Amino acid sequence: MPDPLPYIADPLAAGDALSDVLEMIHLRGGEVEAVHADGRRAVRHRPGSRVLHLVETGEAELRVDDGGPRVGLRAGDLALLARGRAHALHPGPDATWLSGSFAVEERVAAPLLAVLPTVIVIRGDEEGLDWLPLSARLLGVEVAEPRAGSQVMVSRILDLLFIQALRTWAARGEVAGAGWLTAALDPQVGRALKVMHRRPEEPWTVDRLADLAAMSRAAFAARFGRLAGESPGRYLQRLRLARAADRLTTTREPAGSIGRSVGYSSEAAFSRAFARAYGTAPRAWRAAREADGRVEP
């Protein structure tokens with residue numbers, strides 16, 4: 001079963017789908033390590049490490065484990081590994097770089113991150129990317145000369161670099177593979193996704209969604225399945241449950257009320273569907289997050 005889909009709040013338009021996704025990724029920039037090669041053979045990053053690397057001087061080769069890509073990096077380049085693949089940086093002479101880590105809410109972020117390439121590379125000499133050298137300089141200063149508030153500054157700069165890298169990648173038109181982002185960026189299917197996200201509690205049918213996409217029922221269902229990787233009905237079910245999960249952690253509403261608000265006719269039906277997707281009933285799921293401190297007061 002696919003991971004539960006993130007609830008994306010009130011999308012604006014298919015062309016701005018990336019902004020809608022980023023609002024719910026729960027991205028948190030972490031620590032930054034300044035690396036000086038000094039004859040080191042390689043610097044390894046274990047599986048699950050969601051990181052970016054900013055090369056400051058010299059050159060390095062990034063090698064992803066298990067047959068993944070190899071990418072040469074030069075001074076000024078950024079490499080983002082948002083999917084957490086194990087990898088290593090093999091430095092050339094006098095190479096230095098900054099490595100920043102990220103934390104995400106895994107079940108929320110997974111559907112987005114799954115459609116990203118293993119490595120997103122942004123070259124420092126690309127035109128129109130003034131944000132990259134500016135952000136790199138700011139990050140370098142905060143790491144080299146930490147002052148009051150530096151931890152927050154570093155976290156915010158990392159967040160911005162992550163978002164800018166995704167924005168630049170999406171603008172290249174390289175999005176491929178089935179998934180939410182691929183479907184949302186499609187001009188026709190994106191219209192249907194927009195209304196589904198805005199009003200998931202409505203009894204949407206394939207016929208209604210096809211009309212919104214200005215397509216025949218058969219053509220819409222086939223296109224939706226090819227781009228999203230699942231049927232409209234299955235997508236809608238996951239969307240409803242994801243919105244419910246979001247409200248379970250951000251409100252104090254009773255579980256039954258939340259279930260009805262996302263389109264379930266009874267608390268029992270909602271509880272069964274939620275348990276199938278998240279592995280536990282809504283009340284238990286909320287209680288577990290309260291114990292972890294992840295439920296808003």
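**Charged pairs, strands and nonpolar cores of the predicted chain**

Arg208 is partly exposed, with a relative accessible area of 35%; residues count as buried under 20%, as exposed over 50%, and as partly exposed in between, with a 1.4 Å probe and protein chains only. The structure is a predicted model, in which local features require pLDDT of at least 70 and side-chain atom pairs count only at pLDDT 80 or more, while totals for chains, interfaces and linings use all residues. Residues are numbered from 1 along each chain as its sequence is written, and side-chain values use heavy atoms, with hydrogens and water left out.

Arg208 forms a salt bridge with Glu202, and the closest N and O atoms of this pair lie 3.1 Å apart. A salt bridge is defined here as a side-chain nitrogen of Lys or Arg within 4 Å of a carboxyl oxygen of Asp or Glu. Side chains of opposite charge can pair when their charged atoms come close. Glu202 is partly exposed, at 22% relative accessibility. By the stated rule, the count of salt bridges comes to 13. In another pair, Glu142 and Arg147 meet through their side chains at 3.6 Å, N to O. Glu142 counts as buried because its relative accessibility is 8%, whereas Arg147, at 56%, counts as exposed. Glu253 likewise forms a salt bridge with Arg247, with 2.5 Å between the closest N and O atoms. Arg247 is partly exposed, with a relative accessible area of 21%, and Glu253 is partly exposed at 22%. Salt bridges that share partners also join Arg199, Glu202 and Arg208 into one network.

For the chain as a whole, the secondary structure comes to 12 helices and 9 strands. Helices (H or I, at least four residues) and strands (E, at least two) are DSSP runs numbered from the N terminus. Of the 297 residues in the protein chain, 48% are buried. The chain exposes about 14,100 Å², of which carbon and sulfur atoms supply 51%; accessible areas come from the Shrake-Rupley method with a 1.4 Å probe, and for residues only the protein chains shown count as cover. Among contacts (heavy atoms within 4.5 Å) with a separation of 6 or more, 72% link residues 24 or more positions apart.

Strand pairing was then examined. Strands of a sheet pair through backbone hydrogen bonds, either parallel or antiparallel; two strands are taken as paired if DSSP finds at least two bridges between them. Strand S8 (residues 96-103) is largely enclosed by the rest of the structure because 6 of its 8 residues are buried. S8 runs antiparallel to strand S1 (residues 28-36), to which 7 bridges join it, and His36 stands opposite Thr96 in S8. S8 also pairs in the antiparallel sense with strand S3 (residues 50-57) over 7 bridges; here Val51 has Ser101 of S8 as its bridge partner. Elsewhere, 4 strands form an open antiparallel sheet in the order S2-S7-S4-S5. Its edge strands, S2 (43-45) and S5 (70-74), each pair on one side only. Within this sheet, S2 and S7 (residues 87-91) pair over 3 bridges, and Val43 has Leu89 of S7 as its bridge partner.

In soluble globular proteins, nonpolar side chains tend to be buried together. A nonpolar core is a set of buried Ala, Val, Leu, Ile, Met, Phe, Trp, Tyr and Cys residues joined through side-chain atoms within 4.5 Å. The largest core has 50 residues, and those touching the most other members are Leu78, Leu80, Leu139, Leu161, Leu193, Met196 and Phe220. Helix H4 (residues 150-171) provides the largest share of this core, 8 residues. Leaving aside neighbours within four places in sequence, Leu80 is in contact with residues including Val51, Leu52, Phe102 and Phe162. A second, separate core of 17 residues includes Val43, Ala60, Val64 and Ala79.

Helix H6 (residues 189-198) is mostly covered, with 7 of its 10 residues buried; among them are Leu193, Val195 and Met196. The buried residues of H6 pack against helices H5 (180-184), H7 (206-212), H8 (217-228) and H9 (232-250). Leu212, which is found in H7, is partly exposed with a relative accessible area of 36%. Not counting residues up to four places away in sequence, Leu212 touches Arg191, Val195 and Trp204. Leu212 and Val195 are 17 residues apart in sequence and 8.8 Å apart in space, C-alpha to C-alpha.
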